[in-house]
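Subject: Structure for your study

Dear colleague,

Please find below the structure that I would like you to examine. My notes on a helix, a pocket and a cavity follow it.

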Amino acid sequence: MTSERDAFLAEILPKQVAAEQAIHNGDVEPRLELWSENDPVSLFGAAVAVRTGREDLDRTFRWVASRFSDSTDYRFELLAAEASGDLAYTIGFEHNTVSVNGVPTTYTLRATHVYRRESREWYDRF
């Protein structure tokens with residue numbers, strides 16, 4: 001029998017990784033599709049101050065995507081995850097080789113995502 005955690009990860013990890021790969025190649029749309037339209041929604045990003053509300057997040061994600069291009073090696077290293085009812089989270093490291101403002105770089109970034117199930121779909125909230 002599949003656990004709640006395993007079912008969540010099977011559904012969300014491919015979408016989360018694909019959205020991150022896309023934004024690191026300048027395509028914001030898959031990331032926008034993963035984030036809830038319903039408040040409260042917030043972002044504690046690495047390169048920006050705290051953002052709240054979907055409109056603010058949309059602007060921020062579009063700005064982030066405009067800075068990235070040519071991601072040649074993105075992978076998400078999952079460290080922890082859990083799902084219970086309509087709440088779930090992932091914690092891990094993003095390993096990336098990408099151009100930021102046209103300058104090639106390699107970095108590792110800690111990433112935490114908090115999800116809420118809305119109408120049977122998982123959406124990022126934080």
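The expected span of a helix is 1.5 Å times one less than its number of residues. Please keep in mind that this is a predicted model.

The helix α3

Helix α3 covers residues 54-67, which makes 14 residues.

Which residues of α3 are buried? They are Arg54, Leu57, Thr60, Phe61, Val64 and Ala65. When one looks down the axis of α3, these buried residues fall within an arc of 135 degrees, and they therefore line one face of the helix. The face of α3 that is turned away from the buried side carries the exposed residues Glu55 and Ser66.

What do the buried residues of α3 pack against? Their partners are the helices α1 (4-23) and α2 (29-34), together with the strands β1 (42-43), β2 (51-52) and β3 (68-84).

The largest pocket

The largest pocket holds about 610 Å³ of space. It is lined by 25 residues, of which Leu43, Phe44, Gly45, Ala46 and Leu109 are the closest to its centre. Among the elements, β5 gives the most, with seven residues. By class, the lining of the largest pocket consists of 14 nonpolar, six polar and five charged residues.

The cavity

How many cavities of 30 Å³ or more does the structure hold? There is one. The largest cavity has a volume of about 40 Å³. Its lining is formed by Gln16, Ala19, Glu20, Arg31, Leu34, Trp35, His113, Tyr115 and Asp124. The elements that give two or more residues to this lining are α1, α2 and β5. Helix α1 supplies the largest share, three residues. Sorted by class, the lining of the largest cavity has four nonpolar, two polar and three charged residues.

Points to locate in the model

- the buried face of α3, including Leu57, Phe61 and Val64;
- the exposed residues Glu55 and Ser66, on the face of α3 turned away from its buried side;
- strand β5, which gives seven residues to the lining of the largest pocket and at least two to that of the largest cavity.

Yours sincerely

Key. Residues numbered from 1 in each chain as written. Predicted model: local features only at pLDDT ≥ 70, side-chain atom pairs only at ≥ 80, totals over all residues. Heavy atoms only, no water. Helix = DSSP H or I, 4+ residues; strand = E, 2+ residues; numbered from the N terminus. Buried < 20%, exposed > 50% of the residue type's maximum accessible area, 1.4 Å probe, protein only. Arc of directions from axis to C-beta. Contact = heavy atoms within 4.5 Å. 1 Å grid on protein atoms, 1.4 Å probe; cavity = no way out; pocket = protein on both sides within 12 Å on 5 of 7 lines; lining within 4 Å. Points joined across faces, edges and corners; volume = space filled by probe spheres on them. Nonpolar A, V, L, I, M, F, W, Y, C, P; charged D, E, K, R; others polar.
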